[in-house]
Amino acid sequence: MAMYLTRFSYTPETWARLIENPEDRRKAASSYIESVGGKLHGFWYAFGEHDGWNLWEAPDNVSMASVVLAIGAGGALRSSETTVLISVEELMQALAKAKSVKYRPPGT
């Protein structure tokens with residue numbers, strides 16, 4: 001299964017609802033990813049550009065995209081970015097395969 005890192009920010013309205021009714025969102029996040037056969041590996045809040053970070057595992061990009069789309073359609077987020085993570089082993093395979101790619105820089 002593939003790993004994904006999601007950075008998100010809530011809307012001001014979502015923060016207002018959470019202040020009024022505090023909720024541990026890890027349970028909800030776990031249920032979303034588990035519904036497509038995945039697993040939540042971590043959920044953190046942060047200071048800075050993003051309000052929170054999730055580390056997920058999903059069977060494939062389509063499964064992860066379905067979770068991200070469903071969450072985004074709910075309207076609680078101001079922004080969301082998901083990055084597909086690759087393992088060191090996958091990078092090593094990609095580096096070996098890159099040798100056979102005949103790249104030509106623009107204008108050369």
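**Note on salt bridges, sheet and overall form**

1. The side chains of R26 and D24 meet in a salt bridge, with a distance of 2.6 Å from N to O; the term stands for a side-chain nitrogen of Lys or Arg within 4 Å of a carboxyl oxygen of Asp or Glu. R26 counts as partly exposed at 45% relative accessibility, and D24 likewise counts as partly exposed, at 38%, where buried means under 20% relative accessible area, exposed means over 50%, and partly exposed lies in between, with a 1.4 Å probe and protein chains only.

2. The model is a predicted one, in which local features need a pLDDT of at least 70 and side-chain atom pairs count only at pLDDT 80 or more, while totals for chains, interfaces and linings use all residues. Residues are numbered from 1 along each chain as its sequence is written, and side-chain values use heavy atoms, with hydrogens and water left out.

3. The secondary structure of the protein comes to four helices and four strands, which from the N terminus on run in the order β-α-α-β-β-α-β-α. Taken along the principal axes, the C-alpha atoms fill a box of roughly 60 × 35 × 25 Å, and 25% of the 108 residues count as buried.

4. The four strands form an open sheet in the order β2-β3-β1-β4, with antiparallel pairing, two strands being paired if DSSP finds at least two bridges between them. Strands β2 (39-45) and β4 (77-85) stand at the edges with a single partner strand each, so one side of each is left without a neighbour in the sheet. Neighbouring strands of this sheet are turned by 15 degrees against each other on average, direction ignored; axes are lines fitted to C-alpha atoms, for helices over the stretch in contact, and angles between N-to-C directions run from 0 to 180 degrees.

5. Strand β1 (residues 2-10) is joined to β4 by eight bridges, and the two run antiparallel; within this pairing, Y4 has V84 in β4 as its bridge partner. Helix α2 (residues 26-34) packs on the sheet, where it touches β2 and β3 (52-58), and its direction makes about 150 degrees with that of β2.

6. A search of the whole structure finds three salt bridges. One of them is formed by the side chains of E81 and R7, at 3.3 Å from N to O; E81 lies in strand β4 and R7 in strand β1, so the pair ties together parts that are 74 residues apart in sequence. E81 is partly exposed, with a relative accessible area of 35%, whereas R7 counts as buried at 12% relative accessibility. The side chains of E23 and R25 also meet in a salt bridge, at 2.9 Å from N to O; E23 is partly exposed at 45% and R25 is partly exposed at 24%.

7. M64 lies in helix α3 (residues 61-73) and counts as buried, with 2% relative accessibility. Leaving aside its neighbours within four places in sequence, M64 is in contact with Y4, T6, I33, W56, A58 and T82, contact meaning heavy atoms within 4.5 Å. The C-alpha atoms of M64 and V36, which are 28 residues apart along the chain, are separated by 7.8 Å. For the protein as a whole, residues 24 or more positions apart account for 65% of the contacts with a separation of 6 or more.

8. L91 is found in helix α4 (residues 88-98) and is partly exposed, with a relative accessible area of 39%. L91 and E34 are 57 residues apart in sequence and, from C-alpha to C-alpha, 27 Å apart in space.

9. On the aromatic side chains, rings of Phe, Tyr and Trp (its six-membered ring) pair if their centres lie within 6.5 Å, and planes under 30 degrees apart count as stacked, over 60 as edge-to-face and the rest as tilted. The count by this rule comes to seven aromatic pairs, and ring pairs link F8, Y10, W15, F43 and Y45 into a cluster.
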